[in-house]
Amino acid sequence: MSTIEPRPPLPPFTRETAIQKVRLAEDGWNSRNPEKVALAYTPDSYWRNRAEFVTGREQIVPFLDRKWKKELDYRLIKELWAFEGNRIAVRYAYEWHDDSGNWFRTFGNENWEFDEMGLMQRRYACLNDMPIQASERKFHWPLGRRPDDHPGLSALGL
């Protein structure tokens, strides 16, 4: 029998721990490792992502695998919007290109709910893709974790 390990910081969140949780989520998604990212969610986690509904880690992994096979050179920035108790709201943007070299910036908002172990049990995402030229890109860092000195969304005017 596997034991689920806590994923600090744990709720109830303070401003500091909510910001920390958001950055940990950003780092995980920028890894583009579906198996690793899925571990941040409860085994029965429920997502709404655009018009797709995902339930449980077993569906999260193939969802993310499909996503990152389509959204190439994916780079994401998340920013805390609000928090209370075991809930966090974020806004985010990410840049990516398709297999034809067309670049996009995707803007979105997410509402998250966590269990007492710090695992996300609910994720509601609303997002929109905006075509951009490669020259309009703002997220320039090597693939993986965003460097600490790279500006966030507000500093970039997004």
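Ala, Val, Leu, Ile, Met, Phe, Trp, Tyr, Cys and Pro count here as nonpolar, Asp, Glu, Lys and Arg as charged, and the others, Gly among them, as polar. With that in hand, let's look at this structure, which is a predicted model.

**The cavity**

The count comes to one cavity of 30 Å³ or more. The largest cavity holds about 50 Å³ of space. Which residues line the largest cavity? They are Trp29, Asn49, Lys67, Tyr74, Lys78, Tyr92, Tyr94, Glu110, Arg123 and Leu127. Sorted by class, this lining has five nonpolar, one polar and four charged residues. Strand E3 (72-84), strand E4 (87-97) and strand E6 (120-132) are the elements that give two or more residues to the lining of the largest cavity.

**The sheet**

Now for the strands. Six of them form an open sheet with mixed pairing, in the order E2-E1-E6-E5-E4-E3. From one strand to the next, the twist averages 20°. Which strands stand at the edges? Strand E2 (52-55) and E3 do, and each has a single partner strand, so one side of each is left without a neighbour in the sheet.

| Strand pair | Direction | Bridges |
|---|---|---|
| E5 and E6 | antiparallel | twelve bridges |
| E1 and E6 | parallel | five bridges |
| E1 and E2 | antiparallel | four bridges |

Strand E5 covers residues 103-114, and Phe114 stands opposite Met120 in E6. Another residue of E6, Tyr124, has Arg48 opposite. Trp47 has Val54 in E2 as its bridge partner. E1 and E2 also form a hairpin, with two residues between them. Arg50 sits in that turn and has a positive phi of about 55°.

As you follow any of these strands on screen, one general point is handy: in a regular strand the side chains alternate between the two faces of the sheet.

**Helices across the sheet**

Helix H1 (residues 15-31) lies across strand E1 (41-49), E3, E4, E5 and E6. The direction of H1 is at about 165° to E3. Helix H3 (residues 57-70) lies across E1, E2, E3 and E4, and H3 runs at about 50° to E1.

To link this back to the cavity, Trp29 and Lys67 are among the lining residues; H1 spans residues 15-31 and H3 spans residues 57-70.

How values were computed
Residues are numbered from 1 along each chain as its sequence is written. This is a predicted model: local features need pLDDT of at least 70, side-chain atom pairs count only at pLDDT 80 or more; totals for chains, interfaces and linings use all residues. Side-chain values use heavy atoms; hydrogens and water are left out. On a 1 Å grid over the protein atoms alone, a cavity is a set of points where a 1.4 Å probe fits but cannot get out, and a pocket is an open set with protein on both sides within 12 Å along at least five of seven lines; lining residues have an atom within 4 Å of a point. Grid points are joined across faces, edges and corners, and a volume is the space filled by probe spheres set on the points. Two strands pair if DSSP finds at least two bridges between them. Axes are lines fitted to C-alpha atoms, for helices over the stretch in contact, and angles run from 0 to 180 degrees between N-to-C directions. Contact means heavy atoms within 4.5 Å.
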